[in-house]
Amino acid sequence: MTRETPPEKRIGLLGGSFNPAHKGHLHITKAALKRLKLDEVWWLVTPQNPLKPAKDMAPLSARLKSAEEIIAGAKKYKDKIIASDMERKLATIYTSDTIQQLKKKHPKIEFVWLMGADNLLQLDKWHNWERIPQMVEVHVFDRNKHYKEAMKCEAYTKYKDRITYHKIRKNPLSSTLIRASFLN
């Protein structure tokens, strides 16, 4: 797609385990929709994060359902947010491959990658991670106390012309904390 041909849509991709989905995901999504003037945000609920143990993962159907329930509660935004098991359908397990497939399948859509700052800190551990900022804009949203670390991490220092850091009001929720509360 050349710059002379405007995209049909501008869509944010928020990938993750969503184990379970929570209002912190919604918080980042709302900020992205407003700040980046996105038409939609697709929550890509991964069948299995290659960097996380499968034994701690709820079934894909349960994680997808939790994402759909959180979205349904976001009355003003629910038509702009879509929960999807697209990686299962595309048979991809790596973000770089998923983005490549989506761009090929939807050449008239401009995709942008959305992530929390905690994920930026580990981006250099992702398979073919350097392809991601080369293929799409990357927008990172502030989470907890990660700002100073994120500004020094390899991914940001190497691709700061393609990675935009957004300071937003922080939401303390995380899937890890939610799962831990069930164990106590």
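Reader: Why does Thr92 count as buried?

Author: This is a predicted model, and in it Thr92 has 8% relative accessibility. Buried means under 20%. So Thr92 counts as buried.

Reader: Where is the place of Thr92?

Author: Thr92 sits in the loop between α3 (86-90) and α4 (95-105).

Reader: Which residues is Thr92 in contact with, leaving aside neighbours within four places in sequence?

Author: Those are Glu87, Asp97, Thr98 and Gln101. The cut-off for contact is heavy atoms within 4.5 Å.

Reader: What makes Thr46 buried?

Author: Its relative accessibility is 6%. The limit is under 20%, so Thr46 counts as buried. Thr46 lies in the loop between β2 (40-45) and α2 (60-72). Beyond four places in sequence, its contacts are Gly16, Ser17, Leu60, Arg63 and Glu87.

Reader: What makes a set of residues a nonpolar core?

Author: Its members are buried residues of the nonpolar kinds, joined through side-chain atoms within 4.5 Å. The largest such core here has 30 residues. Leu13, Trp113 and Leu120 have the most contacts inside it. Strand β4 (residues 109-116) gives the largest share, four residues.

Reader: Which residues does Trp113 touch, not counting those up to four places away in sequence?

Author: Among them are Leu13, Leu44, Ile99, Trp126, Ile132 and Val136. Thr95, Glu137 and His139 are also included.

Reader: How many residues are in the second, separate core?

Author: That core has 26 residues, including Ala31, Ala32, Ala74 and Ile81.

How values were computed: Residues numbered from 1 in each chain as written. Predicted model: local features only at pLDDT ≥ 70, side-chain atom pairs only at ≥ 80, totals over all residues. Heavy atoms only, no water. Buried < 20%, exposed > 50% of the residue type's maximum accessible area, 1.4 Å probe, protein only. Helix = DSSP H or I, 4+ residues; strand = E, 2+ residues; numbered from the N terminus.
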